[in-house]
Amino acid sequence: MDYAASFLARLPKRKRSIGLDRLNRRMEKYLPAEQVAQVMQAYEFAAKAHEGQQRYSGEPYISHPVAVATILAELKLDAQTLMAALLHDVIEDTGVPKADIATMFGAEVAELVDGVSKLDKVEFRSRAEAQAESFRKMLFAMVGDMRVILVKLADRTHNMRTLWIMPPEKRRRIARETLEIYAPIANRLGMNAIRLELEDLGFRCLYPNRYRVLERALKRAQGNQKQVLQKIGKRFEEGLGEARIEARVAGREKHIYSIYRKMREKKRALNEIVDVYGIRIIVESVDDCYRALGVVHKCYKPMPGRFKDYIAIPRVNGYQSLHTTLFGPGGLPCEVQIRTDDMDHIAESGIAAHWLYKSGSAAAGQPQVRAREWLASLMEMEEGGSSEEFLESVKIDLFPDKTYVFTPKGDIVRLPRGATCVDFAYAVHTGVGNRCVAARVDRRPVPLRTVLKNGQTVQIVTARGASPNPAWVNFVVTAKARTAIRSFLKNLQRSEAADLGRRLLDNALREFKLTVRKVPAERMQATLDLLGCNNVQELYEQIGLGERMAALVARRLLPDDTGEAGAGQAAPLAIAGTEGMVVTYGRCCHPIPGDTIFGYLSAGRGIVIHREDCGNLAEFRKQPDKWVAVEWESRLNRTFPVEIRAEVQNRLGVLAAVAANISSTQTNIEHVQVVERDGDSSSLIFLLQVDGRDQLERVLRSIRTMAEVLSVARTNT
């Protein structure tokens, strides 16, 4: 440590006051002398780069990187991480290029620094988008090297400790961001100590009055509970001693934000949360954990349904412990946690507890492995979408898992509370989710939207050729499922749009006795260049989605010597009802096979089919260039919605009678609405599923035979 000692001796007192002494003391406990020297060189470089810069509080700016490095040194992080912590604002705030850092301190340190740096030089449409893009970059730097997030969490922790100096509005924004993003990330990575500090500091800045009320209540409760906790602890120690179990028993500290969150989530009064005794027992081995559990259950009766074994089934962040709740003195609850020394260390420090950088040797339950599994899932989630959508998806995925279910082979799958069978399918594999058609829970068939409970065994039934249902997005809760469904549907829409666009263009070219295949390649390429399309597929997609008019594109594809004298007649586009999301049917008029129809090109939606006598026809006439000639195919194998209105007498059971009459014609009722007109009559509006006009006529004739029906007809808006 000679270099560090001599270096510190040369520093004036003012520079030592920035915290360098403390950093040096922490490093000396675990780093060799040559690595301490490297860290000090990084300090000298950072101090020179930040010279003359000050924090909002008036302190020299270098005091912040030193404080960040000290937090990481307390976690016993390696020298490269400490160097990156000292240099983490150099690229962003001083203009020093990344290449200079790589030359002086190595590519590894430069990559860490770059991963933490914000994206100030890139222009964004909004502050929210800038923050989301910075967050996206940070998370994907984590995928390459998890030490990036350790530096960022330490950076945020020190900023939160000094946040009081900031203006109120900025203080609240940073505090909210900390509670929503950074504290949950620390929790997901198992870093309990940093998570608790970030939560309490964030809560204190965001809701100072609530914090003060809870702080006073907690201090009063702790004063009252001191003697009772000592009594419980003594009884546990005696019982453990009799069982010859070496253990440390201590009262468990309660944290203000945790109390506040429990009050909100469980709708409980303050005294119900505060008046709970917390005890932690630390033993030597896993076997001792279970033996100690038996001892505490002998001392006090356990509460039914309040035991959780996180040793056999660790939490998603690698946390392991036995949790049980007992009826303590006076009948008040006593929450007990039992764990080993290693488990306790991991519970507090998470992935920083036993640093295994890029090592595959970690046990399945360790936080490093859990964190890498989570980061791998982020890679899947990131495909497509904006930075803000990605940030929202990650927010959903950050919070602790609550439901543990099993595959038919007995493997454990961890899911958030409220997860459904579809979430389970996507958790197993994206391909399984995309092809799932049914589910069995504990060997019984259930709907795919069924919410899963702890301990259930779930089996997913898949089918070749099956695809996600757009309605799934409304009930899935995991970010992975939601992202996968949206991605599949987006790609499906593009494919369907391209098919429709080619048919529309072919139809338009028939007017000039041409087809897409007969258009010369040079002419097609010239048109693509003129329209700014990368390829023919993109042009078809734009036509199919209504973003370009097929007739105008067709004219651009004509050879220069083609005149309109030789023009033919374009055949109407055949509608089969199987075109997918790019052909929709107007809800204003509900067209069905047998109706005379026309198509209207709507930008971004494709073709919308309307009846020729649609009530909105006058509006569409203003844009004749967007009309498309269409007709029904001769054979259709699907049903279409149609709306009818029946005027009936106000009698008991009339709705049931009309519905039964409709069902007798083998017609499905999708929706019904009752509109009371006066005391004697009402209007019943039915939305039916029919295969065409013939079936609709049968339904109307059948309803007209009923005595209580005054009139019935198809609606037309």
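**Helix α21.** I looked up which residues of α21 are buried, and found Cys421, Val422, Asp423, Phe424, Ala425 and Tyr426. I took buried as under 20% relative accessible area, exposed as over 50% and partly exposed as in between, with a 1.4 Å probe and protein chains only. The helix spans residues 421–428 and is mostly covered, with six of its eight residues buried. Helices (H or I, at least four residues) and strands (E, at least two) are DSSP runs, numbered from the N terminus.

**Ground rules.** I am working on a predicted model, where local features need pLDDT of at least 70, side-chain atom pairs count only at pLDDT 80 or more, and totals for chains, interfaces and linings use all residues. Residues are numbered from 1 along each chain as its sequence is written, and side-chain values use heavy atoms, with hydrogens and water left out.

**Cores.** I next checked the largest nonpolar core, which has 70 residues. Such a core is a set of buried Ala, Val, Leu, Ile, Met, Phe, Trp, Tyr and Cys residues joined through side-chain atoms within 4.5 Å. Met27, Leu72, Leu87 and Ile101 have the most contacts inside this core. Helix α12 (residues 168–188) gives the most to it, with eight residues. I then noted a second, separate core of 54 residues, which includes Leu500, Val553, Val583 and Met706.

I followed up Met27. Not counting residues up to four places away in sequence, Met27 touches Val36, Val39, Met40, Ala73 and Leu82. Contact here is heavy atoms within 4.5 Å.

**Arg195.** I placed Arg195 in helix α13 (residues 192–206). Is Arg195 buried or exposed? Arg195 counts as buried because its relative accessibility is 12%. Its side chain makes a polar contact of 2.6 Å with the side chain of Asn192. A polar contact is a pair of N or O atoms within 3.5 Å; within protein, one must be able to donate a hydrogen and the other to accept it, and residues adjacent in sequence count only if both atoms are side-chain atoms. Leaving aside neighbours within four places in sequence, Arg195 is in contact with Ala183, Ala186, Asn187, Ser258 and Arg261.

**Helix α15.** Lys267 follows α15 and has a positive phi, near 55°.

**Strand β17.** I checked the partners of β17 (residues 640–649). It pairs with β19 (residues 681–690) in the antiparallel sense over ten bridges. Two strands pair if DSSP finds at least two bridges between them. Glu647 has Ser683 in β19 as its bridge partner. β17 also pairs with β20 (residues 709–714), antiparallel over five bridges. There, Arg645 is bridged to Ala713.
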